[in-house]
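Look over the sequence and the model first, then read the points below.

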Amino acid sequence: MSENNILNSANIPVHIGFIMDGNGRWAKARNLIRTQGHDAGVSALEKIVSHCRDIGIRCVTFYAFSTENWSRPKQEVDHLMQMFSSYMDKLIKEINSGGLKTYKGSSVRFIGDMSAFNEDFRRKVKFIKEKTSENGEEFIVNIAVNYGGRAEIVHAVNEFISENPNKLITEKDISERLYTGLLADPDLIIRTAGESRLSNFLLWQASYSEIYVTPVCWPDFTPEELDKALENYGKRTRRFGGLTEPD
Ligand code: IPE
Ligand code: IPE
Ligand code: MG
């Protein structure tokens, strides 16, 4: 599908969530070590961010590290943490020298339970969020680290209870306290590397998301692969529990 066709389609998603899976399998298939798969995943991410902005997607959320991923071998976890930290250094350097490159014009937010990270890590997250918020809300890039859908809901509920000890909680109360805040729920969730599961990603927000699973591992997920997902999404009928055809 050409870019024009996608832009002209009424069925273009506003918000896409990406479960970037398969870095390890990608590396193994090439006789590389798992961490090299993660490094390759970063280049794929940048190409997808640029493409999404070019075709008019308004918001993208990338699942980079789950609350369960801490159970991996220490060496892999350490590599990932180092990777996130130096990636933020790269963004900060760009911000301080004239503006973001790959993420040009984007509002970039690292989302998840930040209490697991040290002060330096949290300072970087805050700086990037504050500085890039000056770009407005035209194109929002969320990167989910130490993210868990269940933990996010528990956090929202606890926050509500501490503010309103004697009130009953509503869906709206929860929605507006999620890490994704007031953003629209994802219309489409794309998972690479073949598994048909959410793995604790955006559990609350995904209640009516369309799900697209591709066997392609994340480092091989190109803008062309994204266009295939969008073409498939464009043909779907979303009913939200209602009916599309009258009797
Ligand atoms: C996804 O790739 C990245 C993270 C979870 C950090 P994996 O590392 O899960 O790759 P596979 O699933 O083992 O191939
Ligand atoms: C999901 O991938 C998490 C991320 C992509 C960050 P996993 O590899 O952790 O998921 P499972 O273990 O196969 O469910
Ligand atoms: Mg995996």
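This is a predicted model: local features need pLDDT of at least 70, side-chain atom pairs count only at pLDDT 80 or more; totals for chains, interfaces and linings use all residues.

How far does a polar side-chain atom of Arg72 lie from an oxygen atom of ligand 2? The distance is 3.1 Å.

**Ligand 2: surroundings and contacts**

- The residues around ligand 2 are Ile19, Met20, Asp21, Tyr63, Ala64, Phe65, Asn69, Arg72, Arg191, Arg197 and Ser199.
- Sorted by class, this shell holds five nonpolar, two polar and four charged residues.
- The side chain of Ser199 has an N or O atom 2.6 Å from an oxygen atom of ligand 2.
- Asp21 also takes part, with a polar side-chain atom 3.2 Å from an oxygen atom of ligand 2.
- On its own, ligand 2 would expose 390 Å², and the protein buries 78% of that area.
- Ligand 2 takes up the space of the largest pocket.

- Arg34 has a side-chain N or O atom 2.8 Å from an oxygen atom of ligand 1.
- Asp21 places a polar side-chain atom 2.9 Å from an oxygen atom of ligand 1.
- With Asn23, the contact is made by the backbone: one of its polar backbone atoms is 3.2 Å from an oxygen atom of ligand 1.
- Taken alone, ligand 1 exposes 380 Å², of which the protein buries 87%.

**A residue in both accounts**

- Asp21 has a polar side-chain atom 2.9 Å from an oxygen atom of ligand 1 and a polar side-chain atom 3.2 Å from an oxygen atom of ligand 2.

**Salt bridges**

- Side chains of opposite charge can pair when their charged atoms come close.
- The model has 23 salt bridges, counted with a cut-off of 4 Å.
- One of them joins the side chains of Arg109 and Glu137, with 2.9 Å from N to O.
- Arg109 is in strand S3 (residues 107–111) and Glu137 is in the loop between helix H5 (119–132) and strand S4 (140–144), so this pair ties together parts that are 28 residues apart in sequence.

How values were computed:
Residues are numbered from 1 along each chain as its sequence is written. Chains are lettered from A and ligands numbered from 1 in the order in which they are written. Side-chain values use heavy atoms; hydrogens and water are left out. A polar contact is a pair of N or O atoms within 3.5 Å; within protein, one must be able to donate a hydrogen and the other to accept it, and residues adjacent in sequence count only if both atoms are side-chain atoms. Accessible areas come from the Shrake-Rupley method with a 1.4 Å probe; for residues, only the protein chains shown count as cover. Helices (H or I, at least four residues) and strands (E, at least two) are DSSP runs, numbered from the N terminus. A residue is near a molecule or strand if one of its heavy atoms lies within 4 Å of it. On a 1 Å grid over the protein atoms alone, a cavity is a set of points where a 1.4 Å probe fits but cannot get out, and a pocket is an open set with protein on both sides within 12 Å along at least five of seven lines; lining residues have an atom within 4 Å of a point. A molecule sits in a cavity or pocket if more than half of its atoms lie within 2 Å of its grid points. Ala, Val, Leu, Ile, Met, Phe, Trp, Tyr, Cys and Pro count as nonpolar, Asp, Glu, Lys and Arg as charged, and the others, Gly among them, as polar.
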